[in-house]
Amino acid sequence: MAHVDEPAPTPYAPPEPGTVTAYRNATLIDGTGGPARPGTTIVVDGDVIIEVVPDEAATVPDGVATVDVGGAFVIPGLIDSHQHLATPPNRPVAEAALRRQVYGGVTAIRDMADDLRQIADLTRATRIGEIPGPDIAYASLMAGPTFFDDPRTWQVSQGGTPGHVPWMQAIDDETDLPLAVAMARGTHATAIKVYAELPGATVAAITAEAKRQGIGVWAHAAVFPATPAQVVASGVDAVSHVTLLAQETADEPLTSYKTKAPVDVERLVRDGDQRLDALYALMRQRGTVLDATGSMWTWMAEHADDAEGKARALANDALSAKLTGDAFRAGVLVSTGTDYETDPAHPLPSLHAEMAFLADRCGIPAEEVIRCATLVGAISMGAQDVMGTVEAGKLANFVVLARDPRADMANLDSIEYTVKRGRRFDRGDFRKDEQ
C-alpha cells in the first residue's frame with residue numbers, strides 16, 4: 001500500500017461545532033446601519049452565531065467559555081470587495097497580505113481575477129485554517145480577444161496562453177458561451193468578471209448564461225465599447241471603479257479600454273451630470289453594487305513616478321469622491337473595494353483607508369460606511385445569507401474595537417481582536433516581522 005502523508009496542520013481552523021463561547025458586555029454595531037446596542041451578548045457555537053441578545057436575556061449554560069468584551073465596540077467582519085493576490089503569483093507576498101488583512105479586521109475578500117491556480121489553493125488554505133487570512137471569493141475573467149496582449153494576462157497564465165485558459169477566456173461571436181461559462185465554473189469561481197473589449201450585447205449574453213448556470217457576474221463599470229448603462233442593464237451583480245461611470249457622459253462612442261473616451265472631469269466634479277443621475281437611478285432599481293475603489297487614486301497619487309501621473313491621479317481622486325458620494329446619496333449600494341494593498345511594512349490593510357475615504361471625502365455617515373464594508377460587501381459576493389451582519393445564523397465574523405469607529409474612522413486601528421468563523425485572532429499576536 002502506498003504511503004499516505006499526514007494531513008497538513010490547521011492551526012487557524014474554526015472551532016468544532018459544540019465549542020460554545022459567549023461574548024458579553026459588547027457595544028454592538030451590527031452592520032445594518034442601525035444604532036449601536038450596548039450591553040449585548042453574542043453566543044457562538046463552532047463557526048456560527050447562535051444568539052445575539054441583551055446581556056440580561058442571554059441563555060449561557062454553565063461551563064460555557066465567557067469573554068467579557070468590557071463595553072468595547074463590536075462590528076461585523078470587514079469585507080474588501082476588490083483585491084488581487086496573484087498578479088503575478090507570489091505565494092509569500094500573498095500569504096503576508098492575507099495575514100495582515102485578517103489581523104486587521106478583514107474576514108472576507110473578493111479576488112477580482114488572478115492566476116486562479118494559486119488563488120484556489122489560498123482559498124482552501126484560509127478556509128480550513130492552514131494559514132491565517134480572510135475567506136476568498138474569486139472571479140474567472142472574460143474579455144474580448146484584443147485585451148489579451150495586456151502583460152498582466154501573461155503573468156497570470158504562465159504555462160498556458162492568455163485568453164485560452166479557463167480562468168482567463170477570450171470571448172467573441174464564435175464563442176460557445178455555455179461551454180465558456182461552464183469552464184469558468186470549473187475553476188470553483190464565485191463569479192465571472194467581465195473586463196474589457198466587449199459590446200453591450202455580448203455582456204448581456206454572458207450575464208444571461210452565467211445566471212442560467214448559477215454563477216455571479218462582476219464587471220468593470222465600462223467595458224468598452226459597452227457603456228456603463230449597458231453594463232448595468234445587462235443585469236450584472238456589481239460594477240467596479242467609480243471613475244469608469246464617467247464614461248456615460250462621453251460625447252463620442254466608446255471604442256477601446258486602451259483609448260478611453262475623453263470626459264470633462266473638472267465639470268463633473270463641479271456640477272455632476274444628468275446622465276449620471278439616470279445611471280444611478282438604474283443601478284438603484286437593479287440593485288447593482290458599486291465597488292467604488294475610491295481611495296485607489298489617493299494611493300496612486302502618493303506613488304506616482306512623475307508630475308503628470310500625480311496630476312492625473314489627483315484629478316481622478318476628486319472625481320472618485322464626487323461620484324461615489326453622489327451615487328450613495330442616490331441610493332446606490334456602495335461596497336468597499338480597494339484594488340491595492342498597503343506596503344508590507346504597514347501594519348494595517350488598505351481597507352481602513354477606503355473606509356476613511358468614504359467617510360471623510362464622500363460624506364457618507366460612519367454607520368453607513370460600516371454597512372458598506374460589511375453587509376454591502378457580502379451582497380457584492382452573493383454571501384449576505386451567511387455574512388455581513390452580526391446576527392444569529394450567520395458566520396461568527398466580527399471585530400472588537402477599543403474605540404468607537406462612528407466617532408472617527410481612524411478608530412478602526414484600535415482592534416483588540418478579530419473573530420473569523422469563530423476563531424479568534426488577537427491583534428497582539430500580529431507581528432510585522434513575521435510577514
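**Exercise 1. Cysteines in the predicted model**

*Solution.* 

Step 1. The model under study is a predicted one.

Step 2. Cys-362 has a relative accessible area of 3%, so this residue is buried as well.

Step 3. A disulfide requires two cysteine sulfur atoms within 2.5 Å. For Cys-372, the closest cysteine sulfur belongs to Cys-362 and lies 9.3 Å away, which is too far for a bond.

**Exercise 2. Packing of α1 and α2**

Describe how helix α1 packs with helix α2, giving the angle and the distance between their axes.

*Solution.* 

Step 1. Helix α1 covers residues 91–103, and helix α2 covers residues 116–128. Their axes are 12 Å apart and form an angle of about 40°.

Step 2. Angles under 35 degrees would count as roughly parallel, and those from 65 to 115 as roughly perpendicular. The helices α1 and α2 are therefore oblique to each other.

Step 3. The crossing of α1 past α2 is right-handed.

Step 4. On the α1 side, the contact is made by Arg-91, Ala-94, Glu-95 and Leu-98. On the α2 side, Gln-118, Asp-121, Leu-122, Ala-125 and Thr-126 take part.

Step 5. Sorted by class, this contact comprises four nonpolar, two polar and three charged residues.

Definitions and conventions. Residues are numbered from 1 along each chain as its sequence is written. This is a predicted model: local features need pLDDT of at least 70, side-chain atom pairs count only at pLDDT 80 or more; totals for chains, interfaces and linings use all residues. Side-chain values use heavy atoms; hydrogens and water are left out. Buried means under 20% relative accessible area, exposed over 50%, partly exposed in between (1.4 Å probe, protein chains only). Axes are lines fitted to C-alpha atoms, for helices over the stretch in contact, and angles run from 0 to 180 degrees between N-to-C directions. Helices (H or I, at least four residues) and strands (E, at least two) are DSSP runs, numbered from the N terminus. Angles under 35 degrees count as roughly parallel, over 145 as roughly antiparallel, 65 to 115 as roughly perpendicular and the rest as oblique. A crossing is left-handed if the near helix is turned anticlockwise from the far one by less than a right angle, and right-handed if clockwise. Contact means heavy atoms within 4.5 Å. Ala, Val, Leu, Ile, Met, Phe, Trp, Tyr, Cys and Pro count as nonpolar, Asp, Glu, Lys and Arg as charged, and the others, Gly among them, as polar.
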